[in-house]
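Here is a colleague's note for a first look at this structure. Please keep the sequence and the 3D view open while reading.

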Amino acid sequence: MKLKPVLAGLALALGLAGVAAAADKTKVGFIFVGPIGDGGWTHEHNVARLAVEEKFGDAVETIYQESVPEGADAERVLTQMALSGADLIFSTSFGFMDPTMNVAAKFPDVKFEHATGYKRADNVGTYSARFYEGRAIQGLIAGRMTQTNVVGYIASFPIPEVIRGINSAFIHARKANPDVQFKVIWAYTWFDPAKEADAAAALIEQGADVILQHTDSTAPQAAAEKAGNVITFGQASDMIEYAPRPRVSSIIDNWTPYYIDRVQAVMDGTWTSDDTWHGIREGMVKIGEITDAVPADVKQAALALKDSIASGDYHPFTGPLNKQDGTPWLTEGETADDGTLLGMNFFVEGLAAEIPQ
Amino acid sequence: MDLSAINPVILTASLMVAATPILLAAIGELVVEKSGVLNLGVEGMMIAGAICGFAVAVETGSPALGFLAAALGGAGLALIFGFLTQVLMSNQVATGLALALFGLGLSALIGQRYQGVKPPATARLDLGPLSDIPVLGRVLFSHDPMVYVSLGLVAAVWAFLRVTRAGLILRAVGEGHDAAHALGYKVVRIRLMAIAFGGACAGLGGAYLSLIRVPQWTEGMTAGAGWIALAIVVFASWRAGRVLLGAYLFGGVAVLQLNLQAAGVPVPVEYLSMSPYLITIIVLVIMSSRRGRAAVAAPASLGRVFHASS
């Protein structure tokens, strides 16, 4: 299992050595945790990469490496990219955080942009999208549409981003339907279609008729379709090929404006390390079309929720909210601050599942 | 915790589905290794089979033709490996690893047009009254045909290696290729046939993923199943029956742990997550350790280069 990425890294190094000639172009590297054809998370990052190429034409050159495991292999790939003359590297998975910090320390002149992490340096900026805003809308639809009152959630890793999504979906599902229960499976992978399909099947067998996923492939959609009376939501990408059922809506990650903006900043020499966290309002999180499988009144409520989040009138984490163990977290009308959200490591009251520690 | 939500009958049935891709790939690799060849490219052959089968099934509308194409695709890729290692005598480990990478890349290339496409459904085999038997009917007699094909293959491989003359020759080639050569057996030809068979089985395993278990095409969708199949062959100490046990154990615990998680069993998720690997290895190692050394030994010529003049 381990040798494969090593060889991939070698192949990349050889390939990169061949094209190192073009010097005046801005070279932008991307490392991806899954294949660009995953139909979800990595796919959308690659769409933005292609948009960067389209926008700047000959002025940029992009390179990428897909299916890079989180850990030591990522460090090797990042080092190779930096050595090959990349000016800016987007490292697009939470688990690339420490490798990115390590490599960035060795290459102070190379700029790094790390997605969904929280560690920064002079040449490392972070960016993420407020996916939890979209999760709130999914939770509302899930709560209103479930017949069995069981919502299945395929979680990937117990990190703040995933926990935020579960909390946000749960809060709004409960608001819409006080009887709703969440069943959570931790898949411990971002991308493994067979395992994702099995997880979806296990949840459906145990009564879930809504499946939410925080993994990257479309396999849970296929499993839900096979099972019949189950609805799902596109994750990271629209997954429109499964509309109108099982996929009834989606969260779409739209990285294009941000990537173009950052590449431009590097070209202009104005790039500085910062922390960007955009949501529905800025367009980084988009809500895919809500299909006709959703009753009109539910759709209307979902769109109203979306508008109120976009306008800033409503924050998905608004008190009163207690933590899972019953201790108070937010008082009436209080909203969560970004610091707490970024480090979120607890479930809210009512969730029966557990976070692996 | 709500264990009553887990239906053991459905669980057993989904266990068999979850184990079939690994079982197919592992039983093929078993024959390859018994002939003295170490082909580490199972992952590549599986994914090549996954896309060949998917593409042909979509174009023709027939899953059966899809599986046939998957077997051919896997065997074709395997024969590249066979040509390089048996005719040109390249290093088997390096060539096998290269094959795994090549298969992943090639399948991604072929598969570009097939993302988001839905494959034709594979019908469950209608076994008439057998499927209506309570419990047993659901567990044993209501699967798609490939589950039975995989079980049949295991039985056939077991019988082939144990009681047929051809199987004896294959094992002889794997244990001592020089001696087999001296006896007049065509070592290279026999190994090429074994390699092609292994590739065809891996291809079927991949197509089982893309056509039945998931079912869709996604790049890299085997996600390591080929490597697990390789490990199972070793831990099963090159015996067909234990390969079956290992694959079902792995598939079973993998499905079971997901169900236990969904039911909210108070066992840390980390333990549940590692349990398929741990339990499979422990059980197979314990089984192997009870016999003498001869029972666990790998084929003596495994991975060694054969040259007719030496």
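The points below cover the basis of the model, salt bridges, a pocket, a surface patch and cysteines.

1. Basis. This is a predicted model, in which local features need pLDDT of at least 70, side-chain atom pairs count only at pLDDT 80 or more, and totals for chains, interfaces and linings use all residues. Residues are numbered from 1 along each chain as its sequence is written, chains are lettered from A and ligands numbered from 1 in the order in which they are written, and side-chain values use heavy atoms, with hydrogens and water left out.

2. Salt bridges overall. How many salt bridges does the structure hold? Over all chains there are 12. The term means a side-chain nitrogen of Lys or Arg within 4 Å of a carboxyl oxygen of Asp or Glu.

3. A bridge between chains. Asp198(A) pairs with Arg213(B) in a salt bridge, with the closest N and O atoms 2.3 Å apart. The pair joins two chains, because Asp198(A) lies in helix H7 of chain A and Arg213(B) in helix H9 of chain B. Helices here are DSSP runs (H or I, at least four residues), numbered from the N terminus. Asp198(A) is buried at 14% relative accessibility. Arg213(B) is also buried, at 12%. Buried means under 20% relative accessible area, exposed over 50%, and partly exposed in between (1.4 Å probe, protein chains only).

4. Bridges within a chain. In chain A, Asp297(A) and Arg144(A) form a salt bridge of 3.1 Å, N to O. Asp297(A) sits in helix H10 (residues 296–311) and Arg144(A) in helix H5 (residues 131–145), 153 residues apart. Asp297(A) is partly exposed at 44%, and Arg144(A) is partly exposed at 37%. In chain B, Arg113(B) meets Glu59(B) at 3.5 Å, N to O, in a salt bridge. Arg113(B) lies in the loop between helix H4 (92–111) and helix H5 (136–140), while Glu59(B) belongs to helix H2 (residues 42–60), 54 residues away. Arg113(B) is exposed, at 65%. Shared partners also join Glu113(A), Arg262(A) and Asp274(A) into one salt-bridge network.

5. The second largest pocket. Its volume is about 880 Å³. Of its 34 lining residues, the closest to the centre are Lys226(A), Val17(B), Arg124(B), Ile212(B) and Arg213(B). A pocket is an open set of points on a 1 Å grid over the protein atoms alone, where a 1.4 Å probe fits, with protein on both sides within 12 Å along at least five of seven lines; lining residues have an atom within 4 Å of a point. Which helix gives the largest share of the lining? H7(A) does, with six residues.

6. A nonpolar patch. Val267(B), Tyr271(B), Met274(B), Leu278(B), Ile279(B), Ile282(B) and Ile286(B) make a nonpolar surface patch of about 620 Å². Such a patch takes residues with over 30% relative accessible area and no salt bridge, with nonpolar side chains (Val, Leu, Ile, Met, Phe, Trp, Tyr) joined within 5 Å. Leu278(B) is found in helix H12 (residues 269–289) of chain B. Leu278(B) is partly exposed, at 44%.

7. Cysteines. Cys201(B) is buried at 2%, whereas Cys52(B) is partly exposed at 21%.

Conventions. Patches are made of residues with over 30% relative accessible area and no salt bridge: like charges are joined within 9 Å, nonpolar side chains (Val, Leu, Ile, Met, Phe, Trp, Tyr) within 5 Å. Accessible areas come from the Shrake-Rupley method with a 1.4 Å probe; for residues, only the protein chains shown count as cover. Grid points are joined across faces, edges and corners, and a volume is the space filled by probe spheres set on the points.
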